[in-house]
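Some notes on this model follow, as numbered points. Please read them with the coordinates open.

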Amino acid sequence: MTPDDVPVVYRRLKQYFETHPSPVADFIATRTNDPFRVLVATILSARSRDAMTLHVCARLFKRVTTFDDLARMPVESLEKELHPLGFFRSKTRLLKALPEAVSRLFKGRIPETIEELVQLPGVGRKTANLIVMEAFDKPGMCVDVHVQRICNRLGLIRTRTPRETENRLRDLLPMRYWKTWNRYLVAFGQTQCLPRTPRCSNCPLRSYCVTGREAS
DNA sequence: AAAACGGGGGC
DNA sequence: GCCCCAGTTTT
């Protein structure tokens, strides 16, 4: 496909999510607007299923909505809350490191730029991009494994680094579409264009796929 | 019993 | 750039 096809791809993804309610899309939507929750949810989502992350976050946010709450919460309680996610000890350690770091580096406020956000422990470019978009409504492009995979399957862009992928993806559409474009790509990769068993039979982008898969 | 669930960080 | 990290839920 060529960059000229991107508006069509965008429209098809938009239609797809209008008719296919996606837990992932809902999940992303629930993170909107509160930087603390976006940050915590994004860190917890690594290597965990989104349905479970959503469940754990819903429970956690009843008790913890600020860095002070987080700092005060006993490690054992936090580990217990995070237990269903797996990797609960490392995730607890990551969350527990945040209050001090945010306080020391940014006077307790979550910063609004990528460059500042990645200074926080446990926050890399993927997480930082997601935070600026979902919490601060600023332009970004979060490239995770799903986005990367879809780009490859569509033959959309072939880049060497995630950083380069971010820029190329943004170049394809006007800025006002970046947020939804990014959400569609992430959600599509988690519900439809799966890594091992993609649901190709009802795929709205089949005509653009270069992998030749038609199974399942 | 095996697979699925990835990003950050150290080097 | 490459490798390591780390436990659950789901099939």
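1. Start with Phe-87. Phe-87 sits in the loop between helix H6 (75-82) and H7. Helices here are DSSP runs of H or I, at least four residues long, numbered from the N terminus. Phi of Phe-87 is near 55°, a positive value in a residue that is not glycine. At 48% relative accessibility, Phe-87 counts as partly exposed. The classes are buried (under 20% relative accessible area), exposed (over 50%) and partly exposed (in between), with a 1.4 Å probe and protein chains only.

2. On provenance: this is a predicted model, where local features need pLDDT of at least 70, side-chain atom pairs count only at pLDDT 80 or more, and totals for chains, interfaces and linings use all residues. Residues are numbered from 1 along each chain as its sequence is written, chains are lettered from A and ligands numbered from 1 in the order in which they are written, and side-chain values use heavy atoms, with hydrogens and water left out.

3. Which residues are around DNA strand C? They are Arg-47, Arg-49, Met-52, His-83, Pro-84, Gly-86, Phe-87, Phe-88, Arg-89 and Ser-90. Near means that a heavy atom of the residue lies within 4 Å of the strand. Of the atoms of DNA strand C that come within 4 Å of the protein, 59% belong to sugar and phosphate. Helix H7 (residues 88-106) gives the most to this surface, with 3 residues.

4. Check the polar contacts (pairs of N or O atoms within 3.5 Å). A side-chain N or O atom of His-83 is 3.3 Å from a phosphate oxygen of DNA strand C. Phe-87 uses a backbone N or O atom, 3.3 Å from a sugar or linking oxygen.

5. Arg-47 also deserves a look. Its place is in the loop between helix H3 (35-45) and helix H4 (50-63). Arg-47 is not a glycine, yet its phi is positive, about 60°. Its relative accessibility is 72%, so Arg-47 counts as exposed.

6. Last, helix H1 (residues 6-19). Its 14 residues should span 20 Å at 1.5 Å a residue, and the end C-alpha atoms are 20 Å apart, which agrees. The expected span is 1.5 Å times one less than the number of residues. Buried in H1 are Val-6, Val-9, Tyr-10, Leu-13, Tyr-16 and Phe-17. Down the axis, these fall within an arc of 125°, so they line one face of the helix. That arc is taken from the directions from the helix axis to the C-beta atoms. The face turned away from the buried side carries exposed Gln-15, Glu-18 and Thr-19.

Technical notes
A polar contact is a pair of N or O atoms within 3.5 Å; within protein, one must be able to donate a hydrogen and the other to accept it, and residues adjacent in sequence count only if both atoms are side-chain atoms. Helices (H or I, at least four residues) and strands (E, at least two) are DSSP runs, numbered from the N terminus.
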